[in-house]
Amino acid sequence: MQRIARYKFILLLGAVLGLSSCDKGFEALNVNPNASEKPNVDLLFTQSLLKGNLPLDRAYFFASYLHCGTYIQHFAIAKEIAGSGAGDKYAVNDFYQSFYYRNVYTNTVTTLAEIIEAAKGPENVNKLSVARIWRALIMQRITDLYGDVPYSEANRGKYDLFQPKYDPQEDIYAGLLKEVDEAIKAFDPSKPTYGNADLIYKGNIAQWKKFGYSLMLRLAMRTTRATSTKVVAKDWAQKAIAGGVITDAADIAVMRYSNGPQTYNNNPIAFELVNQDYTTSSKGASNQEWGKFSKTFIDFLKNNNDPRLGVVSVVWTNGAPDTTAALQKGMANGSDVKPANPASYSEPNPATILNYSSPLLVMTNAEMNFLLSEVALRGWGTGDVAQLYNNGVTAALRNWGQFGAAGVIAPARIDQYVAEHALNTGGTFDQQMEQIHTQFWAALLLDEQEAYANWRRTGYPVLVPVKYTGNVTNGTIPRRLPYSQTEQGINGTNYNDAVKRQGPDLLTTRMWWDK
(Lines give C-alpha, C1' and ligand atoms only; values in the text may rest on other atoms or scores of the structure.)
Protein backbone atom coordinates (compact mmCIF):
# COMPACT_ATOMS: atom_id res chain seq x y z
CA MET A 1 0.00 0.00 0.00
CA GLN A 2 2.82 2.37 0.80
CA ARG A 3 4.94 1.24 -2.15
CA ILE A 4 4.44 4.45 -4.13
CA ALA A 5 5.44 6.61 -1.17
CA ARG A 6 8.54 4.46 -0.65
CA TYR A 7 9.67 4.86 -4.25
CA LYS A 8 9.13 8.59 -4.08
CA PHE A 9 11.26 8.80 -0.95
CA ILE A 10 14.09 6.78 -2.51
CA LEU A 11 14.09 8.97 -5.60
CA LEU A 12 14.07 12.11 -3.47
CA LEU A 13 16.89 10.83 -1.29
CA GLY A 14 18.97 10.06 -4.35
CA ALA A 15 18.38 13.53 -5.70
CA VAL A 16 19.39 15.15 -2.42
CA LEU A 17 22.59 13.13 -2.13
CA GLY A 18 23.47 13.76 -5.74
CA LEU A 19 23.18 17.52 -5.46
CA SER A 20 24.68 17.99 -2.00
CA SER A 21 28.25 18.38 -3.26
CA CYS A 22 27.55 20.69 -6.19
CA ASP A 23 24.74 23.02 -5.20
CA LYS A 24 26.74 26.26 -5.14
CA GLY A 25 24.93 28.83 -7.25
CA PHE A 26 22.15 26.46 -8.20
CA GLU A 27 19.63 27.21 -5.44
CA ALA A 28 17.36 29.08 -7.84
CA LEU A 29 17.20 26.07 -10.14
CA ASN A 30 15.64 24.02 -7.33
CA VAL A 31 12.56 26.29 -7.17
CA ASN A 32 9.71 25.65 -9.57
CA PRO A 33 8.21 29.08 -10.34
CA ASN A 34 4.99 27.45 -11.55
CA ALA A 35 4.40 25.30 -8.47
CA SER A 36 2.52 26.28 -5.33
CA GLU A 37 4.47 25.86 -2.10
CA LYS A 38 1.20 25.28 -0.22
CA PRO A 39 -1.52 22.91 -1.43
CA ASN A 40 -4.89 24.37 -2.41
CA VAL A 41 -7.07 22.57 0.11
CA ASP A 42 -10.28 23.58 -1.67
CA LEU A 43 -9.25 21.81 -4.86
CA LEU A 44 -7.91 18.85 -2.92
CA PHE A 45 -11.21 18.49 -1.05
CA THR A 46 -13.21 18.50 -4.28
CA GLN A 47 -10.83 15.83 -5.51
CA SER A 48 -11.34 13.77 -2.35
CA LEU A 49 -15.12 13.90 -2.79
CA LEU A 50 -14.85 12.74 -6.38
CA LYS A 51 -12.29 10.07 -5.52
CA GLY A 52 -14.31 8.91 -2.55
CA ASN A 53 -17.32 8.22 -4.75
CA LEU A 54 -15.76 7.67 -8.17
CA PRO A 55 -14.99 4.14 -9.38
CA LEU A 56 -11.28 4.48 -8.50
CA ASP A 57 -10.37 2.34 -11.50
CA ARG A 58 -13.17 -0.21 -10.94
CA ALA A 59 -13.27 -0.14 -7.13
CA TYR A 60 -17.06 0.34 -6.94
CA PHE A 61 -17.69 -2.32 -9.55
CA PHE A 62 -15.35 -4.87 -8.01
CA ALA A 63 -16.15 -4.38 -4.31
CA SER A 64 -19.71 -3.08 -4.15
CA TYR A 65 -21.35 -4.65 -7.20
CA LEU A 66 -19.57 -7.96 -7.83
CA HIS A 67 -19.16 -8.83 -4.13
CA CYS A 68 -21.18 -6.93 -1.53
CA GLY A 69 -24.15 -6.63 -3.89
CA THR A 70 -24.19 -10.34 -4.70
CA TYR A 71 -23.49 -11.44 -1.13
CA ILE A 72 -26.66 -9.72 0.06
CA GLN A 73 -28.54 -10.75 -3.10
CA HIS A 74 -29.40 -7.43 -4.64
CA PHE A 75 -27.58 -8.62 -7.77
CA ALA A 76 -26.62 -11.93 -9.37
CA ILE A 77 -23.68 -12.61 -11.71
CA ALA A 78 -23.73 -15.56 -14.11
CA LYS A 79 -19.99 -15.64 -14.77
CA GLU A 80 -17.95 -18.67 -13.76
CA ILE A 81 -16.44 -19.02 -10.28
CA ALA A 82 -12.87 -18.46 -11.52
CA GLY A 83 -13.70 -15.04 -12.95
CA SER A 84 -15.74 -12.08 -11.83
CA GLY A 85 -18.45 -14.44 -10.60
CA ALA A 86 -16.30 -15.34 -7.59
CA GLY A 87 -18.40 -13.14 -5.32
CA ASP A 88 -21.65 -14.79 -6.33
CA LYS A 89 -20.12 -18.21 -5.73
CA TYR A 90 -18.29 -17.44 -2.45
CA ALA A 91 -14.82 -17.90 -3.94
CA VAL A 92 -11.54 -16.00 -3.60
CA ASN A 93 -10.25 -13.66 -6.30
CA ASP A 94 -7.48 -11.39 -5.04
CA PHE A 95 -7.57 -8.98 -7.96
CA TYR A 96 -11.24 -8.11 -7.51
CA GLN A 97 -11.52 -8.41 -3.73
CA SER A 98 -8.44 -6.42 -2.75
CA PHE A 99 -8.89 -3.68 -5.33
CA TYR A 100 -10.77 -1.36 -2.97
CA TYR A 101 -8.09 -1.76 -0.30
CA ARG A 102 -5.25 -1.05 -2.72
CA ASN A 103 -6.85 1.94 -4.40
CA VAL A 104 -8.60 3.85 -1.63
CA TYR A 105 -5.46 4.20 0.48
CA THR A 106 -3.37 5.46 -2.42
CA ASN A 107 -6.11 7.81 -3.68
CA THR A 108 -8.75 9.24 -1.34
CA VAL A 109 -7.03 8.63 1.99
CA THR A 110 -3.76 10.06 0.68
CA THR A 111 -5.52 13.20 -0.56
CA LEU A 112 -7.31 13.67 2.75
CA ALA A 113 -4.03 13.27 4.65
CA GLU A 114 -2.61 16.12 2.56
CA ILE A 115 -5.65 18.29 3.30
CA ILE A 116 -5.51 17.62 7.04
CA GLU A 117 -1.81 18.46 7.10
CA ALA A 118 -2.26 21.66 5.05
CA ALA A 119 -5.45 22.89 6.75
CA LYS A 120 -4.03 23.24 10.24
CA GLY A 121 -4.52 26.64 11.77
CA PRO A 122 -7.47 28.61 13.18
CA GLU A 123 -8.58 30.06 9.83
CA ASN A 124 -9.05 26.62 8.31
CA VAL A 125 -10.87 25.02 11.22
CA ASN A 126 -14.08 24.39 9.21
CA LYS A 127 -12.19 22.93 6.27
CA LEU A 128 -10.21 20.71 8.60
CA SER A 129 -13.37 19.52 10.37
CA VAL A 130 -15.10 18.57 7.13
CA ALA A 131 -12.00 16.72 5.91
CA ARG A 132 -11.80 14.80 9.18
CA ILE A 133 -15.45 13.76 8.95
CA TRP A 134 -15.08 12.71 5.32
CA ARG A 135 -11.95 10.72 6.14
CA ALA A 136 -13.84 8.97 8.94
CA LEU A 137 -16.50 7.89 6.44
CA ILE A 138 -13.88 6.51 4.05
CA MET A 139 -12.05 4.67 6.83
CA GLN A 140 -15.34 3.23 8.07
CA ARG A 141 -15.90 1.73 4.62
CA ILE A 142 -12.42 0.22 4.54
CA THR A 143 -12.51 -1.36 7.99
CA ASP A 144 -16.04 -2.68 7.46
CA LEU A 145 -14.85 -4.57 4.39
CA TYR A 146 -11.59 -5.99 5.75
CA GLY A 147 -11.53 -5.65 9.55
CA ASP A 148 -8.22 -4.64 11.15
CA VAL A 149 -6.49 -2.22 8.76
CA PRO A 150 -3.86 0.56 8.92
CA TYR A 151 -5.44 3.58 10.57
CA SER A 152 -3.29 5.43 13.10
CA GLU A 153 -0.16 5.05 10.95
CA ALA A 154 -1.79 5.11 7.50
CA ASN A 155 -0.38 7.46 4.86
CA ARG A 156 2.68 8.48 6.86
CA GLY A 157 5.27 7.65 4.23
CA LYS A 158 6.54 11.23 4.31
CA TYR A 159 7.65 10.53 7.89
CA ASP A 160 9.58 7.43 6.78
CA LEU A 161 6.81 5.12 8.01
CA PHE A 162 6.39 2.80 5.05
CA GLN A 163 5.05 -0.24 6.87
CA PRO A 164 2.06 0.90 8.95
CA LYS A 165 0.63 -1.29 11.66
CA TYR A 166 -2.87 -2.71 11.38
CA ASP A 167 -5.01 -1.27 14.15
CA PRO A 168 -7.56 -3.51 15.90
CA GLN A 169 -11.01 -2.67 14.59
CA GLU A 170 -12.18 -1.83 18.11
CA ASP A 171 -9.48 0.87 18.27
CA ILE A 172 -10.36 2.09 14.78
CA TYR A 173 -14.00 2.54 15.73
CA ALA A 174 -13.06 4.30 18.96
CA GLY A 175 -10.76 6.57 16.94
CA LEU A 176 -13.39 7.31 14.28
CA LEU A 177 -16.00 8.26 16.86
CA LYS A 178 -13.53 10.51 18.64
CA GLU A 179 -12.47 12.05 15.33
CA VAL A 180 -16.03 12.86 14.30
CA ASP A 181 -16.94 14.21 17.73
CA GLU A 182 -13.91 16.53 17.83
CA ALA A 183 -14.50 17.70 14.26
CA ILE A 184 -18.13 18.61 14.94
CA LYS A 185 -17.22 20.54 18.09
CA ALA A 186 -14.50 22.50 16.27
CA PHE A 187 -16.79 24.09 13.65
CA ASP A 188 -16.76 27.89 13.78
CA PRO A 189 -19.40 29.83 11.76
CA SER A 190 -17.12 32.88 11.65
CA LYS A 191 -14.40 31.06 9.70
CA PRO A 192 -14.18 30.27 5.97
CA THR A 193 -15.64 27.10 4.45
CA TYR A 194 -15.00 25.24 1.22
CA GLY A 195 -17.95 27.02 -0.38
CA ASN A 196 -18.57 25.76 -3.93
CA ALA A 197 -15.59 23.42 -3.68
CA ASP A 198 -17.81 21.38 -1.35
CA LEU A 199 -19.91 19.37 -3.82
CA ILE A 200 -22.28 18.09 -1.14
CA TYR A 201 -23.31 20.98 1.12
CA LYS A 202 -21.60 24.02 -0.42
CA GLY A 203 -19.95 24.77 2.91
CA ASN A 204 -23.12 24.69 5.00
CA ILE A 205 -21.79 24.06 8.51
CA ALA A 206 -25.16 23.13 10.03
CA GLN A 207 -25.63 20.41 7.43
CA TRP A 208 -22.09 19.08 7.88
CA LYS A 209 -22.79 18.81 11.59
CA LYS A 210 -25.88 16.72 10.83
CA PHE A 211 -23.80 14.59 8.49
CA GLY A 212 -21.20 14.13 11.23
CA TYR A 213 -23.79 13.14 13.82
CA SER A 214 -25.40 10.79 11.29
CA LEU A 215 -22.06 9.10 10.70
CA MET A 216 -21.65 8.91 14.47
CA LEU A 217 -25.02 7.14 14.76
CA ARG A 218 -24.09 4.72 11.97
CA LEU A 219 -20.79 3.91 13.69
CA ALA A 220 -22.46 3.50 17.06
CA MET A 221 -25.16 1.17 15.80
CA ARG A 222 -22.62 -0.94 13.95
CA THR A 223 -21.21 -1.96 17.33
CA THR A 224 -24.43 -3.13 19.01
CA ARG A 225 -23.21 -6.74 19.08
CA ALA A 226 -19.72 -5.90 20.32
CA THR A 227 -18.74 -5.98 23.97
CA SER A 228 -16.36 -3.11 24.56
CA THR A 229 -15.27 -0.61 27.16
CA LYS A 230 -13.80 1.60 24.44
CA VAL A 231 -16.99 1.90 22.38
CA VAL A 232 -20.37 1.81 24.11
CA ALA A 233 -23.01 1.80 21.39
CA LYS A 234 -25.80 3.22 23.53
CA ASP A 235 -23.76 6.20 24.73
CA TRP A 236 -22.58 7.18 21.25
CA ALA A 237 -26.02 6.68 19.74
CA GLN A 238 -27.57 8.99 22.33
CA LYS A 239 -24.85 11.59 21.75
CA ALA A 240 -25.51 11.50 18.00
CA ILE A 241 -29.26 11.84 18.42
CA ALA A 242 -28.85 14.73 20.85
CA GLY A 243 -26.62 16.48 18.31
CA GLY A 244 -29.12 16.05 15.49
CA VAL A 245 -28.99 13.59 12.59
CA ILE A 246 -30.37 13.77 9.06
CA THR A 247 -34.12 13.22 9.22
CA ASP A 248 -35.38 15.60 6.52
CA ALA A 249 -34.94 15.37 2.75
CA ALA A 250 -33.41 18.86 2.68
CA ASP A 251 -30.37 17.63 4.61
CA ILE A 252 -29.51 14.39 2.83
CA ALA A 253 -25.95 14.19 1.50
CA VAL A 254 -26.13 14.10 -2.29
CA MET A 255 -23.50 14.28 -5.01
CA ARG A 256 -25.05 15.61 -8.23
CA TYR A 257 -23.84 14.93 -11.76
CA SER A 258 -24.54 16.41 -15.17
CA ASN A 259 -23.68 13.74 -17.77
CA GLY A 260 -20.92 16.02 -19.04
CA PRO A 261 -18.07 15.20 -21.42
CA GLN A 262 -15.63 14.16 -18.66
CA THR A 263 -15.93 11.01 -16.54
CA TYR A 264 -16.15 13.00 -13.31
CA ASN A 265 -19.33 14.64 -14.65
CA ASN A 266 -21.04 11.24 -14.67
CA ASN A 267 -22.66 9.42 -11.81
CA PRO A 268 -19.94 6.87 -10.92
CA ILE A 269 -22.32 4.01 -10.21
CA ALA A 270 -24.14 4.48 -13.52
CA PHE A 271 -20.84 4.89 -15.36
CA GLU A 272 -19.40 1.70 -13.91
CA LEU A 273 -22.50 -0.44 -14.35
CA VAL A 274 -23.01 0.67 -17.95
CA ASN A 275 -19.41 0.35 -19.04
CA GLN A 276 -18.63 -2.87 -17.19
CA ASP A 277 -21.87 -4.82 -17.56
CA TYR A 278 -25.05 -3.20 -18.85
CA THR A 279 -23.65 -1.74 -22.06
CA THR A 280 -26.09 0.46 -23.97
CA SER A 281 -25.94 -1.78 -27.02
CA SER A 282 -26.66 -5.04 -25.21
CA LYS A 283 -30.34 -4.30 -24.50
CA GLY A 284 -30.31 -6.99 -21.84
CA ALA A 285 -29.23 -9.76 -24.18
CA SER A 286 -25.44 -9.69 -23.99
CA ASN A 287 -24.34 -8.13 -20.71
CA GLN A 288 -20.58 -8.38 -20.24
CA GLU A 289 -20.78 -10.04 -16.81
CA TRP A 290 -24.21 -11.58 -17.31
CA GLY A 291 -25.35 -9.48 -14.38
CA LYS A 292 -29.01 -9.11 -13.45
CA PHE A 293 -31.02 -8.27 -10.37
CA SER A 294 -31.20 -11.17 -7.96
CA LYS A 295 -34.30 -13.32 -7.83
CA THR A 296 -34.35 -12.69 -4.07
CA PHE A 297 -34.57 -8.93 -4.56
CA ILE A 298 -37.10 -8.91 -7.41
CA ASP A 299 -39.31 -11.45 -5.64
CA PHE A 300 -39.31 -9.25 -2.54
CA LEU A 301 -40.44 -6.20 -4.54
CA LYS A 302 -43.10 -8.15 -6.47
CA ASN A 303 -44.48 -10.06 -3.47
CA ASN A 304 -44.86 -6.83 -1.50
CA ASN A 305 -46.42 -4.81 -4.34
CA ASP A 306 -43.49 -2.45 -3.91
CA PRO A 307 -43.81 0.74 -6.01
CA ARG A 308 -40.02 0.83 -6.44
CA LEU A 309 -40.16 -2.15 -8.81
CA GLY A 310 -40.72 -0.17 -12.02
CA VAL A 311 -38.47 2.64 -10.81
CA VAL A 312 -35.40 0.46 -10.42
CA SER A 313 -35.99 -2.48 -12.74
CA VAL A 314 -36.66 -3.24 -16.42
CA VAL A 315 -36.77 -6.19 -18.75
CA TRP A 316 -36.21 -5.69 -22.46
CA THR A 317 -39.21 -6.23 -24.74
CA ASN A 318 -38.55 -5.99 -28.48
CA GLY A 319 -35.35 -4.06 -27.74
CA ALA A 320 -37.01 -1.50 -25.44
CA PRO A 321 -36.87 -1.19 -21.64
CA ASP A 322 -40.12 -2.40 -20.07
CA THR A 323 -41.12 -1.63 -16.47
CA THR A 324 -44.27 -3.79 -16.45
CA ALA A 325 -44.41 -5.32 -12.97
CA ALA A 326 -45.70 -8.73 -14.06
CA LEU A 327 -42.76 -9.20 -16.43
CA GLN A 328 -40.00 -8.53 -13.90
CA LYS A 329 -37.96 -11.64 -13.12
CA GLY A 330 -34.74 -11.91 -11.11
CA MET A 331 -31.88 -14.33 -11.76
CA ALA A 332 -30.97 -16.89 -9.11
CA ASN A 333 -27.67 -16.30 -7.31
CA GLY A 334 -25.11 -18.97 -8.08
CA SER A 335 -25.85 -19.10 -11.80
CA ASP A 336 -22.79 -19.71 -13.97
CA VAL A 337 -24.23 -19.87 -17.50
CA LYS A 338 -26.02 -17.36 -19.68
CA PRO A 339 -29.75 -17.75 -19.01
CA ALA A 340 -32.14 -18.57 -21.80
CA ASN A 341 -33.68 -15.38 -23.17
CA PRO A 342 -31.51 -13.13 -20.95
CA ALA A 343 -33.37 -9.98 -22.00
CA SER A 344 -36.39 -11.27 -20.07
CA TYR A 345 -34.51 -11.01 -16.76
CA SER A 346 -34.65 -7.83 -14.69
CA GLU A 347 -31.76 -5.38 -14.64
CA PRO A 348 -31.23 -1.72 -13.61
CA ASN A 349 -33.50 0.87 -15.19
CA PRO A 350 -31.64 3.03 -17.75
CA ALA A 351 -33.84 6.01 -16.88
CA THR A 352 -32.84 6.02 -13.19
CA ILE A 353 -29.98 3.83 -11.98
CA LEU A 354 -28.05 3.81 -15.26
CA ASN A 355 -28.64 7.48 -16.04
CA TYR A 356 -25.28 9.30 -16.04
CA SER A 357 -26.90 12.46 -14.64
CA SER A 358 -28.55 10.67 -11.71
CA PRO A 359 -27.51 11.71 -8.18
CA LEU A 360 -25.41 9.69 -5.77
CA LEU A 361 -27.00 9.47 -2.32
CA VAL A 362 -24.18 9.39 0.24
CA MET A 363 -26.18 9.59 3.49
CA THR A 364 -29.96 9.70 3.64
CA ASN A 365 -32.86 10.39 5.96
CA ALA A 366 -34.14 6.88 5.21
CA GLU A 367 -31.06 5.29 6.77
CA MET A 368 -31.20 7.54 9.81
CA ASN A 369 -34.91 6.99 10.45
CA PHE A 370 -34.46 3.22 10.32
CA LEU A 371 -31.59 3.46 12.80
CA LEU A 372 -33.61 5.78 15.01
CA SER A 373 -36.43 3.24 14.95
CA GLU A 374 -34.03 0.57 16.17
CA VAL A 375 -32.70 2.92 18.85
CA ALA A 376 -36.25 3.43 20.11
CA LEU A 377 -36.94 -0.31 19.94
CA ARG A 378 -33.90 -0.92 22.14
CA GLY A 379 -35.20 1.61 24.65
CA TRP A 380 -32.29 3.96 24.09
CA GLY A 381 -34.43 6.85 22.87
CA THR A 382 -37.85 8.36 23.38
CA GLY A 383 -39.08 8.29 19.78
CA ASP A 384 -42.02 6.25 18.55
CA VAL A 385 -40.68 3.03 17.01
CA ALA A 386 -43.48 2.60 14.49
CA GLN A 387 -43.51 6.24 13.36
CA LEU A 388 -39.75 6.33 12.88
CA TYR A 389 -39.99 3.11 10.88
CA ASN A 390 -42.76 4.65 8.75
CA ASN A 391 -40.58 7.72 8.26
CA GLY A 392 -37.78 5.49 7.01
CA VAL A 393 -39.97 3.62 4.54
CA THR A 394 -41.53 6.86 3.30
CA ALA A 395 -38.16 8.54 2.84
CA ALA A 396 -36.75 5.52 1.00
CA LEU A 397 -39.59 5.68 -1.53
CA ARG A 398 -39.54 9.46 -1.91
CA ASN A 399 -35.78 9.63 -2.41
CA TRP A 400 -36.10 7.94 -5.79
CA GLY A 401 -37.64 11.22 -6.88
CA GLN A 402 -34.11 12.62 -6.71
CA PHE A 403 -33.44 10.60 -9.88
CA GLY A 404 -35.89 12.63 -11.99
CA ALA A 405 -39.35 12.01 -13.38
CA ALA A 406 -38.75 8.28 -13.89
CA GLY A 407 -38.04 7.92 -10.17
CA VAL A 408 -41.06 9.77 -8.82
CA ILE A 409 -43.54 7.58 -6.95
CA ALA A 410 -47.03 9.01 -6.51
CA PRO A 411 -47.74 10.07 -2.90
CA ALA A 412 -50.86 7.88 -2.82
CA ARG A 413 -48.77 4.81 -3.75
CA ILE A 414 -46.29 5.66 -1.01
CA ASP A 415 -49.03 6.07 1.59
CA GLN A 416 -50.59 2.77 0.50
CA TYR A 417 -47.32 0.89 0.75
CA VAL A 418 -46.52 2.34 4.18
CA ALA A 419 -49.98 1.40 5.45
CA GLU A 420 -49.72 -2.13 4.06
CA HIS A 421 -46.32 -2.66 5.67
CA ALA A 422 -46.86 -1.10 9.07
CA LEU A 423 -44.53 -2.25 11.82
CA ASN A 424 -45.86 -5.13 13.90
CA THR A 425 -45.51 -3.41 17.26
CA GLY A 426 -47.04 -6.41 18.98
CA GLY A 427 -44.28 -8.66 17.69
CA THR A 428 -41.10 -9.69 19.46
CA PHE A 429 -37.92 -7.64 19.39
CA ASP A 430 -36.50 -9.93 16.69
CA GLN A 431 -39.65 -9.74 14.59
CA GLN A 432 -39.61 -5.95 14.64
CA MET A 433 -35.87 -5.89 13.91
CA GLU A 434 -36.51 -8.11 10.89
CA GLN A 435 -39.14 -5.71 9.55
CA ILE A 436 -36.98 -2.64 10.11
CA HIS A 437 -33.85 -4.06 8.55
CA THR A 438 -35.53 -5.85 5.67
CA GLN A 439 -36.88 -2.46 4.61
CA PHE A 440 -33.42 -1.02 5.29
CA TRP A 441 -31.96 -3.65 2.93
CA ALA A 442 -34.36 -2.60 0.17
CA ALA A 443 -33.67 1.09 0.81
CA LEU A 444 -29.90 0.66 0.52
CA LEU A 445 -29.92 -0.60 -3.06
CA LEU A 446 -26.76 0.79 -4.78
CA ASP A 447 -25.06 1.53 -1.43
CA GLU A 448 -23.96 -2.09 -1.38
CA GLN A 449 -21.12 -1.76 1.13
CA GLU A 450 -23.42 -0.26 3.74
CA ALA A 451 -26.17 -2.80 2.99
CA TYR A 452 -23.67 -5.66 3.37
CA ALA A 453 -22.35 -4.29 6.68
CA ASN A 454 -25.84 -3.80 8.10
CA TRP A 455 -26.88 -7.30 7.03
CA ARG A 456 -23.84 -8.81 8.80
CA ARG A 457 -24.68 -6.88 11.98
CA THR A 458 -28.41 -7.66 12.09
CA GLY A 459 -28.82 -10.86 10.07
CA TYR A 460 -31.79 -9.32 8.24
CA PRO A 461 -33.26 -10.01 5.83
CA VAL A 462 -32.85 -13.73 6.28
CA LEU A 463 -31.05 -14.85 3.12
CA VAL A 464 -30.65 -18.39 1.78
CA PRO A 465 -26.93 -18.91 1.00
CA VAL A 466 -25.76 -20.16 -2.38
CA LYS A 467 -24.66 -23.82 -2.47
CA TYR A 468 -22.18 -23.72 -5.33
CA THR A 469 -19.66 -26.44 -6.07
CA GLY A 470 -16.18 -25.15 -5.34
CA ASN A 471 -17.15 -22.44 -2.84
CA VAL A 472 -14.66 -21.84 -0.02
CA THR A 473 -17.09 -20.90 2.77
CA ASN A 474 -18.86 -24.24 3.21
CA GLY A 475 -21.94 -22.65 1.74
CA THR A 476 -22.18 -19.65 4.08
CA ILE A 477 -22.35 -16.01 3.04
CA PRO A 478 -18.91 -14.35 3.42
CA ARG A 479 -18.30 -12.06 6.39
CA ARG A 480 -15.44 -9.96 4.93
CA LEU A 481 -13.08 -9.51 1.98
CA PRO A 482 -9.49 -10.83 2.13
CA TYR A 483 -6.53 -8.45 2.32
CA SER A 484 -4.43 -7.70 -0.74
CA GLN A 485 -1.89 -10.46 -1.31
CA THR A 486 0.77 -7.86 -2.06
CA GLU A 487 0.56 -6.77 1.60
CA GLN A 488 2.05 -10.10 2.65
CA GLY A 489 5.30 -9.12 0.94
CA ILE A 490 5.29 -5.35 1.36
CA ASN A 491 4.06 -5.21 4.95
CA GLY A 492 4.32 -8.83 6.02
CA THR A 493 5.08 -8.40 9.73
CA ASN A 494 2.11 -6.14 10.38
CA TYR A 495 -0.12 -8.24 8.13
CA ASN A 496 0.78 -11.35 10.12
CA ASP A 497 0.11 -9.56 13.40
CA ALA A 498 -3.36 -8.61 12.17
CA VAL A 499 -4.14 -12.16 11.08
CA LYS A 500 -3.00 -13.56 14.42
CA ARG A 501 -5.22 -11.08 16.26
CA GLN A 502 -8.31 -11.06 14.05
CA GLY A 503 -8.25 -14.59 12.68
CA PRO A 504 -7.34 -16.26 9.38
CA ASP A 505 -7.40 -14.09 6.26
CA LEU A 506 -10.52 -15.84 4.97
CA LEU A 507 -13.95 -14.87 3.68
CA THR A 508 -15.52 -16.52 6.74
CA THR A 509 -13.54 -14.74 9.48
CA ARG A 510 -15.76 -12.42 11.50
CA MET A 511 -14.44 -9.01 12.45
CA TRP A 512 -14.71 -7.35 15.86
CA TRP A 513 -18.21 -5.91 15.57
CA ASP A 514 -19.49 -9.09 13.89
CA LYS A 515 -18.43 -11.58 16.56
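Predicted model: local features only at pLDDT ≥ 70, side-chain atom pairs only at ≥ 80, totals over all residues.
Tutor: Residues are numbered from 1 along each chain as its sequence is written, and side-chain values use heavy atoms, with hydrogens and water left out.

Student: Why is Tyr 90 called buried?

Tutor: Buried means under 20% relative accessible area, exposed means over 50%, and partly exposed is in between (1.4 Å probe, protein chains only). Tyr 90 has a relative accessible area of 1%, so it is buried. Tyr 90 sits in the loop between strand E1 (75-77) and helix H4 (94-97). Helices here are DSSP runs of H or I with at least four residues, strands are E runs of at least two, and both are numbered from the N terminus.

Student: What makes the phi of Tyr 90 worth a remark?

Tutor: Its phi is positive, about 60°, although Tyr 90 is not a glycine. Asn 305 is another such case, with a positive phi of about 50° and again not a glycine. Asn 305 is in the loop between H11 and helix H12 (309-312).

Student: And what makes Asn 305 count as buried, partly exposed or exposed?

Tutor: Its relative accessibility is 43%, so Asn 305 counts as partly exposed.

Student: How do you know that H14 is largely enclosed?

Tutor: Ten of its 14 residues are buried, so H14 is largely enclosed by the rest of the structure. Among the buried ones are Val 385, Leu 388, Tyr 389 and Asn 390. The buried residues of H14 pack against helix H13 (365-377), helix H15 (411-420) and H16. Contact here means heavy atoms within 4.5 Å.

Student: How does the span of H14 compare with the expected one?

Tutor: The expected span is 1.5 Å times one less than the number of residues. H14 (residues 385-398) reaches 20 Å from its first C-alpha to its last, close to the 20 Å expected for its 14 residues.

Student: What makes something a cavity and something else a pocket?

Tutor: A cavity is a set of points where a 1.4 Å probe fits but cannot get out, while a pocket is an open set with protein on both sides within 12 Å along at least five of seven lines. Lining residues have an atom within 4 Å of a point. Grid points are joined across faces, edges and corners, and a volume is the space filled by probe spheres set on the points.

Student: Which elements line the second largest cavity?

Tutor: Helix H6 (125-146), helix H8 (205-222) and helix H17 (448-458) each give two or more residues. H6 has the largest share, five residues. The lining includes Arg 141, Asp 144, Arg 218 and Glu 450.

Student: What about the second largest pocket?

Tutor: It holds about 190 Å³ of space. Of its 15 lining residues, the closest to its centre are Gln 73, Lys 295, Thr 296, Asp 299 and Phe 300. Helix H11 (295-303) gives the most, five residues. By class, the lining has six nonpolar, seven polar and two charged residues.

Student: What angle do H8 and H17 make where their axes cross?

Tutor: Roughly 35°, with the axes coming within 10 Å. Axes are lines fitted to C-alpha atoms, for helices over the stretch in contact, and angles run from 0 to 180 degrees between N-to-C directions. Arg 218, Met 221 and Arg 222 in H8 meet Glu 450, Ala 453, Asn 454 and Arg 457 in H17.

Student: What makes the peptide bond from Tyr 460 to Pro 461 cis or trans?

Tutor: Its omega is near 0°, and the bond is cis. Pro 461 lies in the loop between H17 and helix H18 (486-490).

Key
1 Å grid on protein atoms, 1.4 Å probe; cavity = no way out; pocket = protein on both sides within 12 Å on 5 of 7 lines; lining within 4 Å. Nonpolar A, V, L, I, M, F, W, Y, C, P; charged D, E, K, R; others polar.
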